[in-house]
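Dear colleague,

Here is the structure I said I would pass on. My notes follow below it.

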Amino acid sequence: MIPSSLAGRLLALLVGLLGAALLASTVAALRAANANVTTLVTSELEVRDRIARFALAQRAESLGERVGVVTADFAFKAAVASNDRNTVLSALANHGERLNADLAILLDTDRSIVLTSADAKEVPASLLTSIDTTSLKTDTMLEVVDNRVYQLVVSPVLAPAPIGWLVIGEELDEQTLSELAQLTNADVSLMVSGQTADSTQLISTLGFARELATLKVDDVVEVLGEQGWLTRPVPLKVDATATALRTDLLLSLSLDAALAEYNPLRLQLIAIALIALVLAILLALAASRWITGPVKDMVTAAQRIANGEYSYDLKLDSGTELDTLAEALSVMQDTVAEREFRIQHQAQHDLLTQLPNRNYMYTLYQRYLREHPIRASFGLALMELENLAQVRDLYGSEFGDEVLRAASQRVTHSLRRGDMAGRVGDQQILLFLQGLGPDETGSVIEKINEQSQDPLLINGVPVRPDLRLGFSFSPSHGSDFDDLQRRAQLALSLARNQGQEFAVYSLGQDESHLRQIRIANRLQEAIGEDVFHLLYQPKFSIGERRINSAEALIRWDDPELGKVFPDEFITIAEQTGIISKLSEWVVARVIEDQVNLRKAGIDIAISVNLSGLDVLQEGFVDGILEDVQQAGLPVDSVELEVTETAMMADADSARRNMERVEKLGMRISIDDYGTGFSSLAQLRSLPVRELKLDRSLVDTIDEELGDRLIVRSTIDMAHHLGLEVVAEGVETAAILALLRDMHCDVIQGYLLAKPMTVRALRELLAQEAQSTAHMIETLDHHAGL
């Protein structure tokens, strides 16, 4: 575990470094000692190898001398020459004490066995073949006879030519190995190994030799090495016959025993290392205290700075660079104190107006609730400078900022004691009005108007801000700050929509607002689901006395929201940027229905309403034209209806986009004419063929003379410009008659037919004469026909 303090880490570092160095040197010394012992033991084994070989050679030489005495005996030679078995045995018995042998074999000149001692039940073939009959010298060898290892001496019997060979042997048994072990001062093992485990024999002075009896020589050396023994194999004989026996003498020395002599040295090294480590710990402890003492003082100072205490006096006299660091820390303390004050002010205030921001207003709200826990009564007023955007467009952003600053100061001066104004939006100021109720809004408006009577003078330019306010009150409208601000925003929107100076939130406005939010959230998913459908409202041509077209109207029946009317979701779709997807769906469905109507022999045009965003979007109307052509429909089978507001929002872009499709024959109509501010002269430059009068102009012409004159003059002027006129919202025969007298071209409304499904439209057009008979009758009656 790493210490958490600097002193602990420094101590751990110093102790760790020295400890690692001591450990490395100690381990290196111990390893060197072990390597030295291993090398020494290996050298001693080489010496013991030579001693063992010399001892075996001396043993063979002694045995050879004894055999020579027997083969030189005349009686023995005579017995061998006469092939007298009993005499040979008698001669050998006479020399038995002198020979002191464990095995005796007499062979004739063709290597046939004449006689053997009782110990030799079976003479191996390797022995017989290894005797050189051409040599008259005594020879020594090592052989396995009856699973015993013998050191043999082979001597010819000469008279004077060879008449036989006498083989005398001494067994290399445990006693012999013990004598070799005493002579070499090492453990001795004699191992005869063959190709199979059954042919392996092991005699050893080691106490655990039985565990090695089934292994081969190399394996025995490896196992002994794992148990702490160094072993040197001394090959005595390798049999090249079919038995493939191998005889080895193994000399073993205990490495552990040799290493035990160095135990005092190891203990001394470890003791020295421990003493050095203790001294290092003491030295490191003193050094860490000397170094970290001033650091601790500076840490204490830094912690106090972190906790907001900026009065701590830090002075060091260590005589090191830490004194300079302490002085820098003191300077930093003063700098942080100043900067924190500035940051705190910036975090709670708007940088432009220096008014409190929303976070500070929320803090004020919470403090007010703590001071008035039982019944907190206050009001929130959201004030908007409506003409600030126009001022910025006219004079620039910097000028607009000056206007906002000056207006903020005026608003602040108009507040009562204890009230607060804060900037919460680009051109919105939130007023926190303590103890104010809904019935007292007049006093606030009066004081604000008093301050706003004179225009602001900014750089010599007089500016009068247009102020509009929305009020919400606690506790009648809630107690949550976010809810109250949102409801003040709703009241401000109501005041803006109604053209009033101010408005107060009323219960129930939330439901409408929340429904708009739900519609916006649901709209994206609804486009991909089967919740929209189209209805078609026929248009009747007065001149042609027939239905010549229909308008596609989108409807939304949602499983969650119920019926959602176009005036609810079209605006939201435009605000959220989904209107183009919705328009694409409508166009695709209209094209599909138009194809089916054409197959049924019905030839009318269907108009589609487009949003201003669709018209201004590059390539959108071109895509509609391409879809109509790909469906195999005539270009004029689909008409486009665009509101005058959308066309005039960016007349140049609208004209460029619409001229391309109009040149190819697609009809374009201005929808809802009369609700905007455009004139026929402005529309003249646009590629339109039709003008649709809004129902707000049409539905009162039978009662209001002024409206009747406006509609008549509009129709006349449109005709002079070469435009056809469509009147929508026609619901009475009187209005129809008046429009006919005014030479209106086409009518649309409930008097003719309500919006219907494409199937109902097909049935209506299939029997058009009967369904429109009342329309024709009304027209004829009014004309006096």
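A pocket, on a 1 Å grid over the protein atoms alone, is an open set of points with protein on both sides within 12 Å along at least five of seven lines, and its lining residues have an atom within 4 Å of a point. Grid points are joined across faces, edges and corners, and a volume is the space filled by probe spheres set on the points. The model is a predicted one, in which local features need pLDDT of at least 70 and side-chain atom pairs count only at pLDDT 80 or more, while totals for chains, interfaces and linings use all residues. Residues are numbered from 1 along each chain as its sequence is written, and side-chain values use heavy atoms, with hydrogens and water left out.

The largest pocket has a volume of about 1300 Å³. Its lining comprises 42 residues, and P566, I570, N609, D671 and D672 are the ones nearest the centre. That lining divides into 19 nonpolar, eleven polar and twelve charged residues. Here Ala, Val, Leu, Ile, Met, Phe, Trp, Tyr, Cys and Pro count as nonpolar, Asp, Glu, Lys and Arg as charged, and the others, Gly among them, as polar.

Next, the sheet. Helices (H or I, at least four residues) and strands (E, at least two) are DSSP runs numbered from the N terminus, and two strands pair if DSSP finds at least two bridges between them. Four strands make an open antiparallel sheet in the order β7-β6-β9-β8. From one strand to the next the twist averages 20°.

β6 pairs antiparallel with β9 over seven bridges, with V188 and L251 as bridge partners. β6 also pairs antiparallel with β7, over four bridges; there M191 is partnered by L202. Six of the seven residues of β6 are buried, that is, under 20% relative accessible area with a 1.4 Å probe, protein chains only. Between β8 and β9 (246-254) there are nine antiparallel bridges, and V238 stands opposite R246.

Two helices lie across this sheet. α6 (174-184) lies across β6 (187-193), β7 and β9, at about 135° to β6. α7 (217-226) lies across β6, β8 and β9, at about 165° to β8. Axes are lines fitted to C-alpha atoms, for helices over the stretch in contact (heavy atoms within 4.5 Å), and angles run from 0 to 180 degrees between N-to-C directions.

Lastly, E171 belongs to β5 (162-171). E171 counts as buried because its relative accessible area is 17%. Leaving aside residues up to four places away in sequence, E171 touches R59, D102, R148, V149, Y150 and T176.

Regards

Notes:
Buried < 20%, exposed > 50% of the residue type's maximum accessible area, 1.4 Å probe, protein only. 1 Å grid on protein atoms, 1.4 Å probe; cavity = no way out; pocket = protein on both sides within 12 Å on 5 of 7 lines; lining within 4 Å.
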